[in-house]
Each structure stands twice: as C-alpha cells, then as structure tokens.
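Please examine the sequence and the model before reading on.

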Amino acid sequence: MEIQYLTERYEQFWQCNNSTPILLLRGTKGEIKPCSRMPDNIRDRWLDIDYLIESERNRLASSFHLGDAFPLVNPNLGPDIFGASLGADIVFEKWTSFSVPFVQDWTEDISFHEDNYWWQKIKEITEAFVEDSKGEYIVGITDLHPGADGLVSIRGPQNLCFDVIDQPEVFENARKILLPAFQKQFEELCKITQKYQKGISNWMGLYKQDPWYVTSSDFICMISNDDFQELILPELIEEIRYLKGNTIFHLDGPGALKHLDSLLEIPELAGIQWVYGAGQPSAKYWMDVLKKIQRAGKAINIGLQREDIETIFTELEPQGLSCYFDFEYTEKEAQEILEFANRKCCR
C-alpha cells in the first residue's frame, strides 16, 4: 500500500469520513520459515535482537496484507514494559510476560530513570527494527500501559484495589510521575521510528501520520464508576489531551462497560475499541454498544468472527468503523470479505 493512499484513507477514518470500513485483513500464505537458530531459553527469545529480526522477517515474507492492513512490526517485551521502566522486573513466558510488583507501601522510588535497563532494551530493539526496515515495513510503538495499568504492574491488582479504599491519594500523587514518564517515552519512541517512515502505528494496527496512541485502563473493570471518575479519569483526560485527541480507548470486557458513557463524554477522544472478551457473545450481539458509540460520533475498532460479518456491515455505518478478524482465513477469503464489505457498506 502506497504511503500517500495509506495517509489519505486513514485520515478519512480518523475524521469519521470514510465511505467504506477500515479492514485489517492480514494473514499467512503458508508455512513460516523457521529461524536459522533459536535461543535456548525463553528470556533470550524475547531479548536476542538478531533472532527477533529474523523471526519477524520470516513472518512478513509469508504474510499477505489486504484492505487497509500494512506490513507492521511491533517491538514487544510484553504489556508491563511501562511498569518495568518504573522499577519492576519482567518474567517471560512463551507467549507473554508479566511484571513483578515491588511497591509495598509507596515509599519506594517509582520515578522513571533514563538509564533503566528495560527502557534501554526496548529502545535498542526499536532502533534495531528501524534500521532493518529502512521503511520497508512500519515499526510500531511498543505496548506501553501507563496510567492505572502502570500502577497495577508495580503494585499488583489486589493491592491497588485496596488503595482505592484505604489511600486514594495514591492516584493523585502518581499522576505527577505517570504522565511525564509516558510523554518522555512516547516522544522518544516516535522520534526513533520516524527515521525512515512517516506515520505512527502500534499493536492496534491502525495508522496515522500524526503521533497517536492507544489509551487504556484494564484496571477499571474492578472499580465503580464513581471511583473511576474521581481517581482514574483525571489522569486519563490529561493523557488524551496530550495526544491531541489522537487516540482510541481500549475498553476491555463487560466489566468495563459501566464506564462507557463517561468515556463517550470526553470530547477529544476519537474512538473506542470494544473488546467483548473470551467466552462472551461475538460482535453482532453487542450492537447496542456499537451503535451507542457511533451515535456519540466516535470511531470504532472491533474484532469480528465469521458469523459477525454480514450483520456488522449491514447495520453499522461505515464512517469511523474499523475491523480486525479473530478467525483464520485464506488470502482468497480475505479478498471476498473485502469485496463484500465494500459492496455492503458503500451507501
């Protein structure tokens, strides 16, 4: 996909002016070539840069990209890299990683230090992919989880829930550290990725020429809306305004739905990614949620199962709608989905 078309197409989406939905149709065309070597232990498989580059190159060589998808590599040390940059350690498993909370009574230093090992490592990995790519593929911004999720990674979810009740001032105090740390990291990673490419992406797979990022707070499923508005929303609004509204909020699971109305009231917020969660009914069963988001003038990002396709593209407006697909499909099937969506939604 040419960068000029990519820019124009996605700018229409961000303004909710696209006449057909943004479709992230990407998959593999066959067997992915194995790497010439694999590190012996799991930790090294996450940290060995030569192995990471070869692995991603092999994946891209066996991939197809249709619709509005594009070749993308996201440097990744797991969802707790932000907490690790504040002092937590990371434990690696085969497919994911998690932090080791270290804050016992909030007397510990949770400041972001430039020489932090994990921050230096994710920068090193990002720089290596940028130099390997030289614009051949887009290098995304890693999966930062600032805000309350950052606090979870250094304090632990149960302890942070107790803090909501016992010492809510923790959240106000942390705001002085969280947003400046996120700003510093985000800006530096954006600067690194723009050496050979124009535009920003991340794990959500969407694109914008101007800096943009996902906002999120998975922690909010565990607290009331009153606590959300008092303790979480102020920092979140600061984050959204810092991003100049160039952000889609990752709303994760039915437990977080109680906060949807509060989020939709934020004028700067561009959109909502609704993730209904494993074991829940698929996208077409959440039409009331999706239509509420559209009525509020916000963009949508939603994952579809095969049985959702006709309903979603028939009942939702294409403007501001973006979809990824949570099932395996061939390149031929991807082309058929693309043609069906464009035919059904071009109205």
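## Basis of the report

This is a predicted model, in which local features need pLDDT of at least 70, side-chain atom pairs count only at pLDDT 80 or more, and totals for chains, interfaces and linings use all residues. Residues are numbered from 1 along each chain as its sequence is written, and side-chain values use heavy atoms, with hydrogens and water left out.

## Aromatic pairs

Rings of Phe, Tyr and Trp (its six-membered ring) form a pair if their centres lie within 6.5 Å; planes under 30 degrees apart count as stacked, over 60 as edge-to-face and the rest as tilted. By this rule the count is 21 aromatic pairs. The rings of phenylalanine 70 and tyrosine 207 are edge-to-face, because their centres are 6.0 Å apart and their planes stand at 75°. Phenylalanine 70 lies in the loop between β2 (63-67) and β3 (72-73), and tyrosine 207 in the loop between α8 (169-193) and β7 (215-216), so the pair ties together parts that are 137 residues apart in sequence. Helices (H or I, at least four residues) and strands (E, at least two) are DSSP runs, numbered from the N terminus.

Buried means under 20% relative accessible area, exposed over 50%, and partly exposed in between (1.4 Å probe, protein chains only). Phenylalanine 70 is buried at 3%, and tyrosine 207 is buried at 0%. Another edge-to-face pair joins phenylalanine 325 and phenylalanine 327, with 6.2 Å between centres and 85° between planes; both residues are buried. Phe70 and Tyr207 also belong to one aromatic cluster with Tyr10, Phe13, Trp14 and Trp212. Arginine 26 lies over the face of phenylalanine 70, at 5.8 Å from the ring centre. For such a placement, NZ of Lys or CZ of Arg must be within 6 Å of the ring centre and within 35 degrees of the ring normal.

The expected span of a helix is 1.5 Å times one less than its number of residues. Helix α5 (residues 117-133) has 17 residues and should span 24 Å; its end C-alpha atoms are 24 Å apart, which agrees. The buried residues of α5 include Trp118, Trp119, Ile122 and Phe129.

Helix α9 (residues 225-242) has a kink of about 50° at isoleucine 232, shortly before proline 234. The bend at a residue is the angle between axes fitted to the seven residues ending there and the seven starting there. Among the buried residues of α9 are Phe228, Leu231, Ile232 and Leu236.

## Positive phi angles

Most residues other than glycine have a negative phi. Cysteine 16, although not a glycine, has a positive phi of about 55°; cysteine 16 is found in the loop between α1 (3-14) and β1 (22-28). Lysine 244 likewise has a positive phi of about 55°, and lies in the loop between α9 and β8. Lysine 244 is exposed, with a relative accessible area of 70%. Lysine 134, which follows α5, has a positive phi near 45°.

## A buried arginine

Is arginine 9 buried or exposed? Arginine 9 lies in helix α1 and counts as buried, at 8% relative accessibility. Leaving aside neighbours within four places in sequence, arginine 9 is in contact (heavy atoms within 4.5 Å) with Asn18, Thr20, Pro21, Ile22 and Asp68.
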